[in-house]
Amino acid sequence: MRTIIFVLLGLFGLAGCSGGGGGSSNGSTPANTTPRFAYLANPGDDTISIYTVNSSTGQLRSNGYVMAGTTPMSVAVDPSGKFVYVANAGSNDVSVFAINANTGALTSIGASVPAGTDPSWITVDPSGKFVYVANFLSNNVSVYTISASTGALTSVGSAVAAGTQPDAITVDPTGKFLYVANSGSNNVSVYTINAGTGALTSVGSPVAAGTSPFSVAIDPSSKFAYVVNSGSNNVSVYTINAGTGALTSVGSPAATGSLPFSVTLDPSGRFAYVANTSDNTVSLYSINAITGALTSVGSPVATGSGPASVIVDPSGKFAYVPNQGNNDVSVYTINASTGMLTSAGRASGRLTAYALAITKGAASVTYTPTFAYATNESTNDVSAYRINASTGVLASVGGNVSAGTSPNSIMVDPTGKFAYVANFNSANISAYTINASTGALTSIGSPVAAGSGPRSVVIDPSGRFVYVANFNSNDVSSYTINASTGALTSMGATVPAGANPRSISADPSGQRVFVANYSSNDVSVYSINPATGALTSSGANIVVGSNPHAVTVDPSGHFVYVANWGSNSVSIFTINGTSVGSAFPGSGPYAISVDPTGRFAYVANNLSDNVSAFSVDVNTGTLASIGTIGTGVTGPWGITVDSSGKFVYVANWTAHNVSAYAINSSTGVLTIAGAIASGMNPTSITTTGTIQ
């Protein structure tokens with residue numbers, strides 16, 4: 001297989017948009033073009049990252065990941081948003097997944113489907129009936145039909161010959177024509193599509209392009225085609241013959257930055273964007289509606305390291321750039337009048353973030369809080385509550401449920417089906433199923449042994465693995481989760497931590513685990529094997545403040561926060577361990593939580609009986625105080641923000657209750673919403689929610 005160098009196709013082949021339009025000049029979002037879920041191909045570790053898309057801000061919110069084939073280079077979704085297709089360059093096949101319409105979660109529909117050699121790009125036609133794959137080393141295109149009910153692929157005859165090293169492929173919005181950029185022969189192949197079978201018929205000889213054409217995009221009206229030439233640093237422009245699909249060159253190519261890898265158009269067809277891999281920029285162009293010619297607009301916009309591709313969402317309001325060097329995605333808002341890009345933060349990806357596909361629908365994704373759970377140290381049980389989604393007020397769900405001795409921490413899996421409790425004095429983990437209607441907990445067999453003094457439990461974002469920090473044995477226990485029953489199975493030997501590990505957290509992309517070590521004043525960092533869940537130490541521990549009591553990672557996956565009980569401080573560092581600075585909450589900071597938007601952080605201060613609120617700089621991770629609240633806070637041990645980002649809950653160890661607060665969405669300021677009794681000495685609090 002060739003060295004991983006890859007480009008993203010235009011919006012229409014990638015995101016499954018058909019026809020023209022889809023965007024609007026006034027910035028509104030037309031029906032059925034609202035972005036909902038996004039999928040990122042990570043060839044470095046054979047995974048697909050899953051996100052929900054905030055249709056107001058463009059934020060990508062991590063929602064787990066799945067394993068694909070070897071070296072997934074490209075990902076596409078069908079126009080209905082029901083299926084995901086992944087071209088795996090290393091295993092020469094295509095993975096097929098069904099999309100959960102409510103959550104965006106992916107489920108494999110069976111064995112992968114064979115492709116040609118080194119499949120580099122995949123696209124779905126606008127009708128959602130056919131899939132096409134460009135095979136880089138076998139110099140051909142594989143054709144498949146889609147089962148409307150299951151999404152399964154069936155091969156259509158033999159692969160069709162293309163030029164040399166076909167690297168990009170797309171279907172025009174009418175669904176009549178297919179175009180392939182052949183990077184090895186410096187040309188573009190054109191085919192007509194049989195509307196009944198999906199079969200391809202070549203349209204004349206390939207059309208000359210620049211040097212090493214790596215990406216092709218078609219405008220929404222199917223009048224113009226654009227081809228990025230990575231070797232000659234430009235974009236070729238063509239008109240499309242509406243009857244035959246044939247291409248005719250329009251003037252001289254438009255200059256780009258260095259080593260352009262990807263071109264895409266916004267849904268209105270007024271703007272084009274090019275990702276320049278060597279320059280770490282995106283170039284912007286306006287499109288002449290009559291001729292299709294490109295005119296450069298403004299200066300190129302900075303991206304992360306090694307931008308591999310660029311995509312515009314179906315609403316035309318946001319642009320996304322996967323950065324292979326940073327393993328993340330840059331997010332931009334689009335000015336509806338000028339097409340200019342403004343940075344709107346970043347989202348963590350996984351290894352070698354390359355290609356992104358976005359689904360569309362009629363409604364935005366919404367998070368609704370449902371239940372809350374608190375562990376009670378002195379009564380050895382768990383309190384369960386129903387959340388009023390409008391007010392945040394808690395109501396008890398029956399009686400408390402027994403746990404082990406001195407339960408210290410509770411975590412719910414991403415599906416909201418299972419809960420796990422770390423029992424400090426009985427040195428084990430209790431597991432429960434969650435009743436989806438009532439929130440009631442039911443024990444799953446006997447508790448599973450942990451190390452000595454398990455203090456904190458976390459579940460990886462894929463929902464497959466559980467990790468426990470053992471305070472007395474100075475190590476971390478690892479378990480796999482049975483997806484059907486929720487039962488835990490030990491992975492065997494523990495991994496060493498620092499002295500008295502007190503808190504454990506996983507980053508939202510599911511790549512790393514962080515452990516705050518209370519007595520050695522540092523944080524241990526581990527990488528997660530995505531296939532097995534095994535932990536591997538990342539090397540030297542990160543020095544923080546005195547007696548770190550809690551650790552968490554922000555929703556973007558770029559910053560880590562540590563509440564230091566002994567030094568009354570919060571240490572801030574990047575996901576790679578570079579110090580960003582410190583913040584200073586109240587006395588005895590015991591727990592910390594960041595809201596799902598990544599704009600606000602909250603610290604429970606055990607000794608000063610209050611909660612400190614901070615605004616978060618999304619670019620630097622630094623914290624700025626926005627005040628404290630002491631109402632209803634007495635000896636707080638645990639704190640969390642619910643999945644909707646509307647409410648904060650505090651477990652008050654001394655007061656034996658849980659207090660609820662509403663978050664001002666503009667300022668982050670908290671207002672007391674009420675309190676409810678728990679068991680004796682609640683130590684931690686967590687919530688569940690639904691995605692719709």
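Q: In the hairpin of β57 and β58, which residue takes a positive phi near 80°?
A: In this predicted model, β57 and β58 pair in the antiparallel sense, over five bridges. Five residues lie between the two strands of this hairpin. Among the bridge partners across the two strands are isoleucine 592 and valine 603. The residue with a positive phi near 80° in the hairpin is glycine 598.

Q: Which residue takes a positive phi near 55° in the hairpin of β58 and β59?
A: Strand β58 is joined to strand β59 (residues 610–616) by six bridges, and the two run antiparallel. Four residues stand between the strands of this hairpin. The residue there with a positive phi near 55° is aspartate 609.

Q: What is the bridge partner of valine 603 in β59?
A: Valine 603 is the bridge partner of isoleucine 592 in the pairing of β57 with β58. Strand β58 also pairs with β59, in the antiparallel sense. In β59, the partner of valine 603 is serine 612.

Q: How many of the six residues of strand β58 are buried?
A: On one side of β58, Phe600, Tyr602 and Ala604 are buried. Of the six residues in the strand (600–605), the number buried is six.

Q: What is the angle between the planes of tyrosine 590 and tryptophan 637?
A: Tyrosine 590 lies in strand β57 (residues 589–594) and tryptophan 637 in strand β61 (residues 636–641), so the pair ties together parts 47 residues apart in sequence. Both tyrosine 590 and tryptophan 637 are buried. Their rings lie 4.8 Å apart, centre to centre. The pair is tilted, and the angle between the planes is 45°.

Q: Is phenylalanine 471 buried or exposed?
A: Phenylalanine 471 lies in the loop between β44 (465–470) and β45 (475–481). Its relative accessibility is 15%. The cut-off for burial is under 20%, so phenylalanine 471 counts as buried.

Q: Which aromatic residues form one cluster with Phe471?
A: Phenylalanine 471 and tyrosine 518 form a tilted pair, 6.3 Å centre to centre with 50° between the planes. Tyrosine 518 lies in the loop between β49 (512–517) and β50 (522–528), 47 residues from phenylalanine 471. Tyrosine 518 has a relative accessible area of 21% and is partly exposed. The residues that form one cluster with Phe471 are Phe424 and Tyr518.

Q: Over the ring of which residue does the charged end of arginine 455 sit?
A: The ring concerned belongs to the aromatic cluster of Phe424, Phe471 and Tyr518. The charged end of arginine 455 is 4.1 Å from the centre of that ring. The residue is phenylalanine 424.

Q: With which residue does aspartate 328 form a salt bridge?
A: Strand β31 (residues 328–334) and β32 pair in the antiparallel sense over six bridges. Within this pairing, aspartate 328 stands opposite serine 348. The closest N and O atoms of the salt bridge are 3.3 Å apart, and the partner is arginine 346.

Q: How many residues apart are arginine 350 and aspartate 45?
A: Arginine 350 forms a salt bridge with aspartate 45, with the closest N and O atoms 2.9 Å apart. Arginine 350 and aspartate 45 are both buried. Arginine 350 lies in the loop between β32 and β33 (355–361), and aspartate 45 in the loop between β1 (34–42) and β2 (47–53). The separation is 305 residues.

Q: What is the relative accessible area of asparagine 42?
A: Asparagine 42 lies in strand β1. Not counting residues up to four places away in sequence, asparagine 42 touches residues including Thr47, Pro72, Arg350 and Ala353. Asparagine 42 is buried, and its relative accessible area is 0%.

Conventions:
Residues are numbered from 1 along each chain as its sequence is written. This is a predicted model: local features need pLDDT of at least 70, side-chain atom pairs count only at pLDDT 80 or more; totals for chains, interfaces and linings use all residues. Side-chain values use heavy atoms; hydrogens and water are left out. Rings of Phe, Tyr and Trp (its six-membered ring) pair if their centres lie within 6.5 Å; planes under 30 degrees apart count as stacked, over 60 as edge-to-face and the rest as tilted. Buried means under 20% relative accessible area, exposed over 50%, partly exposed in between (1.4 Å probe, protein chains only). A charge sits over a ring if NZ of Lys or CZ of Arg is within 6 Å of the ring centre and within 35 degrees of the ring normal. Two strands pair if DSSP finds at least two bridges between them. A salt bridge is a side-chain nitrogen of Lys or Arg within 4 Å of a carboxyl oxygen of Asp or Glu. Contact means heavy atoms within 4.5 Å.
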